[in-house]
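Please work through the following exercises with the sequence and the 3D structure at hand. Each task is followed by a worked solution.

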Amino acid sequence: MVSKVSKTCPCRITPNATVPATSNSDELAYSECCQPLHQGEKRADSSEALMRSRYSAFVMVLTDYIIKTTLPAQQALLDKPAIEAWAEQTRWAGLEIINHSPKVSKCHAQVEFKAYYYGDQLGSPKLSAHHELSTFVKIKDHKSSSKNETTGAESWYFLDPTVSMTLTQKQPCICGSGEKVKRCCGPFL
Ligand SMILES: [Zn+2]
Ligand SMILES: [Zn+2]
């Protein structure tokens, strides 16, 4: 049998006493939460699940996962060593999902969250937070041959607003939706 010792998933830890008491589902073990996503056994079924798994990947310095879950058109533009260094050097303290808007458009969703970390202040740790509103886009998978996935499956991707891309508003959107940029991901970039 597998050991009963299960580690709480990094994304299920909130360091702040002001956060309302968590429900049981908030105390999921890593093996029942982000691990299957990190290992490619499961796809994120919502933008919130993807956001959580990306936070956990930062905590665990799974840089490839962070890159893999960013919009495919942006992946080559990401600075992998910088992401890795940032993930490694940050003393992560927990995650709080503030709000999840599963449908801000046909294929976009937004998650507002606080990612907590300890910053040094005169030698003593001080709890700080990155408060962000992240946008995710749902894309149909074109490559169905890679795994035992059913065709027509969809995956969520993080739309990174910090990646600079030269886009014209009338070109076909970088997410592959077939819409023009201005009617699709443009407003979120
Ligand atoms: Zn998790
Ligand atoms: Zn788009």
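The exercises below concern a predicted model.

**Exercise 1.** Determine which protein donors hold the zinc ion (ligand 1) and what geometry the site has.

*Solution.* Step 1: the donors are the SG atoms of Cys-9, Cys-11, Cys-33 and Cys-34, which lie 2.2 to 2.3 Å from the zinc ion (ligand 1). Step 2: along the chain, these donors follow the spacing C-x1-C-x21-C-C. Step 3: the angles among the four donor atoms run from 101 to 117 degrees. Four donors count as tetrahedral if all angles lie between 85 and 135 degrees, and the site of the zinc ion (ligand 1) is therefore tetrahedral.

**Exercise 2.** Decide whether Glu-179 and Lys-106 are buried, partly exposed or exposed, and describe their pairing.

*Solution.* Step 1: the closest N and O atoms of Glu-179 and Lys-106 are 3.3 Å apart, and the two residues form a salt bridge. Step 2: the pair links distant parts of the chain, with Glu-179 in the segment after β4 and Lys-106 in the loop between β1 (91-101) and β2 (108-121), 73 residues apart. Step 3: Glu-179 has 29% relative accessibility and is partly exposed, while Lys-106 has 62% and is exposed.

**Exercise 3.** Explain why Asp-160 has no salt bridge.

*Solution.* Step 1: Asp-160 is located in the segment after β4 (154-159) and is buried. Step 2: the nearest side chain of opposite charge is that of Arg-54, 5.6 Å away. Step 3: a salt bridge requires a distance within 4 Å, so Asp-160 has none.

How values were computed
Residues are numbered from 1 along each chain as its sequence is written. Chains are lettered from A and ligands numbered from 1 in the order in which they are written. This is a predicted model: local features need pLDDT of at least 70, side-chain atom pairs count only at pLDDT 80 or more; totals for chains, interfaces and linings use all residues. Side-chain values use heavy atoms; hydrogens and water are left out. Donors are N, O and S atoms within 2.8 Å of the metal (3.2 Å for Na, K and Ca); water is not among the atoms, so sites may look incomplete. Four donors count as tetrahedral if all angles lie between 85 and 135 degrees; four count as square planar and six as octahedral if opposite donors are over 155 degrees apart and all others between 65 and 115; anything else is irregular. Helices (H or I, at least four residues) and strands (E, at least two) are DSSP runs, numbered from the N terminus. Buried means under 20% relative accessible area, exposed over 50%, partly exposed in between (1.4 Å probe, protein chains only). Lys and Arg count as positive and Asp and Glu as negative; His and the chain ends are not counted.
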